[in-house]
Amino acid sequence: MQKIINVLSGNKEDIAPIWMMRQAGRHLPEYLEVRNTTNSFIDFCFSPEKAAKVTLQPIHRYDMDAAILFADILLVPIALGRTVTFEKGIGPLLNPLSTKDISNFQINTDVLKPVYETVCKVRKELDRNKSLIGFCGGPWTVATYMLEGKGTPNKELAKKFAYENEEAINDLLDYLVAISAEYLIKQAEAGVDVLQIFESWASDLSPYLFNKLVIVPTKKIIKRIRDAGVNIPIIGFPKNCGLSINEYVKSSGITAIAVSTETPLDQIRGLIPKNMAIQGNLDPLALRIGGNTLKKQVQEILDKVKGPHIFNLGHGVTPDVKIENIKAVINHIRKGEGNYV
Ligand code: CP3
């Protein structure tokens, strides 16, 4: 059985399985080599051959326990007819949404088909004992990019929109629920073993907004997935959501919880069901810094986490991380020591 599946089923592995968010990315020279053959990041995500290749790179380089499908959470707005581009040094840019756009989406979910082809290609090549993780963004996180038109520090415009346009925000989230559920169901049918919902902007929401913007839409997605007969585990990642994690775990329907860096691992166990798997939560900055700082932080995670655990970061690998340090973390976990630099 895949180690990750065993842990997600509620069992503790003596040596925690490991993968890292953004493990396929710019810190890897072999990624940059493939990436540089396509100008547009979106075209790159929609090239099954290339996307499959980079999905598998962290397996070859690090022997991770899971590969995460190479794609992006911002492909879903494209299926709603929105324009998404990625500018070097800026990040994603979308044409900002108005209330009237929401009733006029030009929906075309066929644009997502290349992603399912990537899944098929990867699953064929990936060892059966390694897991393939599919994903989507949480509807609220995707909505923030659609409303703001770009990444912003505090999502004020999107939150204001949510308070002031009750009907429009519900409609927008419902569209995102429908497309995201279909997207995840089709990834599962194409062969992914696990799903993860990235709610990167779950922070700074009042409990009222958290329930309305995060929990309710997540619950709807998971219900659709289960109603479609798809039973694979679903990991929820409500980043930096504070104590709202309690309600999220209780009512969203997720199988396991991915926790961000600020979460004390010894305390979170007491807030969630006894055998629920916890994924996380090494500080990506410690991974960048390396040396003794990194070693201590990895050890602290191993000492503090109780019960079923998947080792991961609290957020993604950054481009300046040293390959040696990722290898050291993996050796530390699997063999008890690593050569940190
Ligand atoms: O290795 C993996 O994790 C798999 C692929 C993956 C990417 N993005 C590839 C990517 C996954 C799972 C994501 C999720 C994603 N995308 C999230 C949720 C997780 C998080 O980081 O909070 C979000 C918010 C996005 C949106 C997004 N995509 C932004 C804001 C950016 C620009 C920021 C940056 O790092 O440049 C991206 C681009 C992106 N997605 C890159 C990669 C490897 C870098 C672009 C490139 O290679 O040219």
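Arg 22 is placed in the loop that connects α1 (3–8) with α2 (29–35); helices (H or I, at least four residues) and strands (E, at least two) are DSSP runs numbered from the N terminus. The model is predicted, with local features requiring pLDDT of at least 70 and side-chain atom pairs counted only at pLDDT 80 or more, while totals for chains, interfaces and linings use all residues. Residues are numbered from 1 along each chain as its sequence is written, and side-chain values use heavy atoms, with hydrogens and water left out.

Arg 22 is not a glycine, yet its phi is positive, at about 55 degrees. Asn 281 belongs to strand β8 (residues 278–282). Most residues other than glycine have a negative phi, and most peptide bonds are trans.

The ligand is surrounded by 21 residues, where a residue counts if one of its heavy atoms lies within 4 Å of the molecule. The closest are Arg 22, Arg 26, Tyr 31, Ser 200 and His 315. By class, the shell comprises 14 nonpolar, 3 polar and 4 charged residues (Ala, Val, Leu, Ile, Met, Phe, Trp, Tyr, Cys and Pro count as nonpolar, Asp, Glu, Lys and Arg as charged, and the others, Gly among them, as polar).

Polar contacts are pairs of N or O atoms within 3.5 Å. A polar side-chain atom of Ser 200 is 2.5 Å from a ligand oxygen atom, and one of Arg 35 is 2.9 Å from an oxygen atom of the ligand. Ala 24 contributes a backbone N or O atom at 3.1 Å from a ligand oxygen atom. Of the 860 Å² of accessible area that the ligand has on its own, the protein covers 86% (Shrake-Rupley method, 1.4 Å probe).

Overall, the protein chain contains 16 helices and 9 strands. Its C-alpha trace spans about 55 × 45 × 40 Å along the principal axes.

Notes. A polar contact is a pair of N or O atoms within 3.5 Å; within protein, one must be able to donate a hydrogen and the other to accept it, and residues adjacent in sequence count only if both atoms are side-chain atoms.
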